[in-house]
Amino acid sequence: MAVVVVAGLALSACGGGSEKEEAKPGAVTSGSGAPSVFPVTVEHKYGSTTIDKEPKRVVTLGLSDQDAVLALGIKPVGAVDWFKEDPYGKWPWTKDKWGADKPQIVGERDEYNVEKIAALKPDLVVAQYSGMKKEQYDTLSKFTKVVAQPKGVPDYGASWQVMTRQIGKSLGKAGETEKLIEGIDARFEAVRGKHPEWAGRTLAVADSFEAGKYSAFTKTDPKSIFFQELGFKLKPEIDTLAKPGWNVAELSAEKLNVLDVDRLVWVTSSTDANTRIKAEPLYKKLKVNQDERDLFVPYQDPDIGAAFSFNTVLSIPYAIDEIEPLLTAIK
């Protein structure tokens, strides 16, 4: 799974309900004098973790987890790399949140440097958009609290709402988390209200990293989730072509007909890739191409593709602002 995420520079199933924490009798108070919500117990793929007090030093091991932590007012002391970019400073939706502070890079995707993590003395590790293995969880749990990926869904298959709530509960900020989620839901609702016609149109998201090989993203991929929340319908055939547990279907040129939808979004890493895709003879036969209903957007520079690949409470507003006019321009 991690290899697929790397190959597609890809990254966030349906939202879940929130769990409310209540202050317990005799609970300590926070610095503001309000009753503390701790201890809290968070269930996850490998069981449950009880967090006794408010975390101060947080390490994020999910590919996009740092965004939700930042949105809730905490700067992680450690994070993993994903886009071959430092997970701070560059992305326009988090640049101001990080400021001059820089987290320690403690791994790349699902390969973690345990020694570096231990040296940071974290009181909480979160791994939501992650493929963390049980052995890794057990090792980390020997010296810190660990909240692994959500239970009941495949790795990399939970929605941004579920992962944000898991992180919010772990930080003792469930109330703030719900407000963040409600704000993002309102943004999506506003866009759907402006473009009711999108509800009747099918859309697919695809990529290609070498000649003759193409990738289409399933309904559990963050990119597909993002466009579905904008109002578009996804194409179920793509899910049937993906290997079990994968959020991407690998396609040969002969299978490109599955991408003949009302709107096709190619998210690519270079203009060379765009040229190569457009030159594919079998692609030229697709009506979506002939009618110019295909859209090519970059992962970076501008960071549109990266924003809806992250699909977090911080990146979604930026992604909406950037992609809405591009979609609206397609007739």
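User: Where in helix 14 does the kink lie?
Analyst: At Glu-322, shortly before the proline Pro-325; the kink is about 25 degrees. The bend at a residue is the angle between axes fitted to the seven residues ending there and the seven starting there. This is a predicted model, where local features need pLDDT of at least 70, side-chain atom pairs count only at pLDDT 80 or more, and totals for chains, interfaces and linings use all residues. Residues are numbered from 1 along each chain as its sequence is written, and side-chain values use heavy atoms, with hydrogens and water left out.

User: What span should helix 14 have?
Analyst: Its 14 residues, 315-328, should span 20 Å at 1.5 Å a residue, and the end C-alpha atoms are 20 Å apart, which agrees. The expected span is 1.5 Å times one less than the number of residues. Helices (H or I, at least four residues) and strands (E, at least two) are DSSP runs, numbered from the N terminus.

User: Which residues of helix 14 are buried?
Analyst: Ser-315, Ile-316, Tyr-318, Ala-319, Ile-320, Ile-323, Glu-324 and Leu-327. Buried means under 20% relative accessible area, exposed over 50%, partly exposed in between (1.4 Å probe, protein chains only).

User: And helix 6, how many are buried there?
Analyst: 11 of its 11 residues, 160-170. Among them are Trp-160, Arg-165 and Lys-169. Just after helix 6, Gly-172 takes a positive phi of about 75 degrees.

User: Where do they sit?
Analyst: Arg-109 is in the loop between strand 5 (104-108) and strand 6 (111-112). Glu-292 is in the loop between helix 12 (287-290) and strand 13.

User: Arg-109: buried or exposed?
Analyst: Arg-109 counts as buried because its relative accessibility is 7%. Glu-292 is exposed, with a relative accessible area of 62%.

User: New topic. Which peptide bonds are cis?
Analyst: One joins Phe-38 and Pro-39, with omega about 5 degrees. Another runs from Asp-301 to Pro-302, with omega near 0 degrees.

User: Which loops hold those prolines?
Analyst: Pro-39 lies between helix 1 (2-7) and strand 1 (40-44). Pro-302 lies between strand 13 (294-298) and helix 13 (304-310).

User: Last one. What does the whole chain look like in numbers?
Analyst: There are 14 helices and 13 strands. Of the 331 residues, 54% count as buried.
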